Amino acid sequence: MLPINIFRQNKELVLQGLAKKNFKETELVDKIIETDERRRLMQVEHDNLAASVNAASKQIGQLMAKGDKEQAEQMKLQVAQHKEKIKELVTTLGNIEQELHDDLVRLPNLPHASVPVGKTPEENEVVRSGGTMPQLSTHKAPHWDLMEQYKLMDLALGNKLTGSGFPVFMGKGARLQRALIQYFLNFNIAAGYTEYCPPFMVNEDSAYGTGQLPDKEGQMYHVTADGFYLIPTSEVPLTNIFRDVILQESEIPARLTAYSPCFRREAGSYGKDVRGLNRVHQFDKVEIVQIVDPATSYDVLEGMVAHVEKLLQSLELPYRILRLCGGDMSFTSALTYDFEVYSAAQERWLEVSSVSNFESFQANRMKIRHRDANGKTQLVHTLNGSSLALPRIIACLLENNQGPEGITIPAALQPYFGGDKIN
RNA sequence: GGAGAGAUGCUCGAGUGGUUGAAGAGGCACGCCUGGAAAGUGUGUAUAUCUGUCAAAGGGUAUCGCGGGUUCGAAUCCCGCUCUCUCCGCCA
């Protein structure tokens, strides 16, 4: 949710940002400004009336003490009239505030100046790439075949236990999974992140806070008996830790990392996009979250990008980093970098991480604030990213490192995996 | 699941209708004291919103778990809800 101030201060900036984000309902901007003005007028009227009632109440108290009943009764009548009016105003004011809020919530975050103009993923900007592209000759099996060959994962079994999109890992597949989680967490902890283990279900307030609700309700699994939602990413519980909190200077930047399973309903599509591990309903991910002083957030973002890049380099995977264009960015983000790794057998790039600065968009919704140098409260900036999502990393590790002797495990992972090969 | 107790500011904790945004203590911040520190001492220390202003100071309003009611006036009385704690039962 955008802070109301920027509408009063710089309407043009808002309109330009919305245009870049390919947002059409720009008439909302004028409506918001108009509603905000109405709200302030009402507020003034209400406050003045309430002030006069408060003053009169004091006087009545004093008159009663003096025993001047007559005068007191007269004032009571007057107060009663004002109170009726106040009641009306409170109702109207409540409605106006609701309306303002509902409109504000519909507007996406404004993109950062460096965000490229564009509408489709093709218009994303490749910032840089790294790693060496694999040269596969004889062995060129996609990961779903390799999984079956080495008995690492069983999708049909998951289908039996739960439904499609719930893979069962076993043997060295399960072990690889655990090794990656452990490795990623340790990597993040070494960089100064504090490890958390949050709940995997959240309540409505939390889902709302990070922006999954109200719009994306259908993307989450909903436990209706208790009103809980299965988390689509640990960003949700991690960021909500700070909901309604005013942080002291010493408490920021807050750096958190957590492993969690992620649950996503998303409407299924067909074909190679969803085969194997490319898209599943439950997968594992290690997430990083930072809560920072607004003045530093873009430096922090670059730091997080460099961090994830190092992680990918250590896995010896070919990768590229994209700066998403306005039309491809998420609703809540101001600037997003996507990380993709090259899948040698499928011969395409797969997204494995998305690192974003949300500026104060989430913080405003969740009322996450800190005290600035003058001791005033100010909204923080929130950032998060994956480091990393497991399924596609596994897919690439298997496909890119396959050979006649089996699948080679990258050196960094071997201590965690307990071996250098899957065969 | 059964029974009971409670929810007040950064924390503890007082407060049963009238300058109570809220005593007191602790914590924290700043100052004094000191060679430096401790101790001592003084001052300050909620949030939102409106108004005001270049900015501020200042002022108004709302907020003592949440929502409603009674009253001229509610932290204080009444109703509903939520949550927490204790004991018993069950249980990884």
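This is a predicted model: local features need pLDDT of at least 70, side-chain atom pairs count only at pLDDT 80 or more; totals for chains, interfaces and linings use all residues.
Residues are numbered from 1 along each chain as its sequence is written, while chains are lettered from A and ligands numbered from 1 in the order in which they are written.

**The whole chain**

- Chain A contains 13 helices and 19 strands; helices (H or I, at least four residues) and strands (E, at least two) are DSSP runs, numbered from the N terminus.
- The C-alpha trace of chain A spans about 105 × 45 × 45 Å along its principal axes.
- Of the 423 residues in chain A, 36% are buried. A residue is buried if 20 or more other C-beta atoms lie within 10 Å of its own, exposed if 12 or fewer, and partly exposed in between, with C-beta atoms placed from the backbone.
- Take the contacts in chain A between residues at least 6 apart in sequence: 74% of them join residues at least 24 apart. Two residues are in contact if their C-beta atoms, placed from the backbone, lie within 7 Å.
- Chain A has two parts, domain 1 (5-106) and domain 2 (121-422), with bounds that come from an automatic or database domain assignment.
- Taken over C-alpha atoms, the centres of domain 1 and domain 2 are separated by 44 Å.

**Around RNA strand B**

- RNA strand B is surrounded by 19 residues, and the closest are Ala50, Ala51, Ser57, Ile60 and Gly61. A residue is near a molecule or strand if its C-beta atom, placed from the backbone, lies within 6 Å of it.
- Helix H3 (27-66) and helix H4 (69-106) are the elements that give two or more residues to this surface.
- H3 supplies the largest share of the surface near RNA strand B, 12 residues.
- By type, the surface near RNA strand B has nine nonpolar, five polar and five charged residues. Here Ala, Val, Leu, Ile, Met, Phe, Trp, Tyr, Cys and Pro count as nonpolar, Asp, Glu, Lys and Arg as charged, and the others, Gly among them, as polar.

**Helix H3 and its ends**

- How far apart are the end C-alpha atoms of H3? They are 59 Å apart, which agrees with the 58 Å that its 40 residues should span at 1.5 Å a residue; the expected span is 1.5 Å times one less than the number of residues.
- Gly67 follows H3 and has a positive phi, near 90°.
- Asn22 sits in the loop between helix H2 (11-20) and H3. Its phi is positive, about 65°, although Asn22 is not a glycine.
- Asn22 counts as partly exposed because it has 17 C-beta neighbours inside 10 Å.

**The sheet of the opening question**

- S5, S7 and S6 form an open sheet of three strands in the order S5-S7-S6, with antiparallel pairing. Two strands pair if DSSP finds at least two bridges between them.
- Strand S5 (201-202) and strand S6 (222-223) are the edge strands, each pairing on one side only.
- S5 and strand S7 (residues 228-230) run antiparallel and are joined by two bridges.

**Strand S13 and its partners**

- Strand S13 (residues 348-357) is mostly covered, with eight of its 10 residues buried.
- Strand S12 (residues 335-343) runs antiparallel to S13, and nine bridges join them; in S13, Ser353 is the bridge partner of Phe339.
- Glu347 lies in the loop between S12 and S13, and its phi is positive, near 55°, in a residue other than glycine.
- Is Glu347 buried or exposed? Glu347 counts as exposed because it has 11 C-beta neighbours inside 10 Å.
- Two bridges also join S13 to strand S16 (residues 381-389), which run antiparallel; Asn357 stands opposite Leu383 in S16.

**Cis peptide bonds**

- Ser387 and Leu388 are joined by a cis peptide bond with omega about 0°, and Leu388 is found in strand S16.
- The peptide bond from Ile252 to Pro253 is cis, with omega near 0°.
- Pro253 lies in the loop between strand S8 (246-247) and strand S9 (254-263).
- Leaving aside neighbours within four places in sequence, Pro253 is in contact with Gln290, Ile291, Val292 and Val300.
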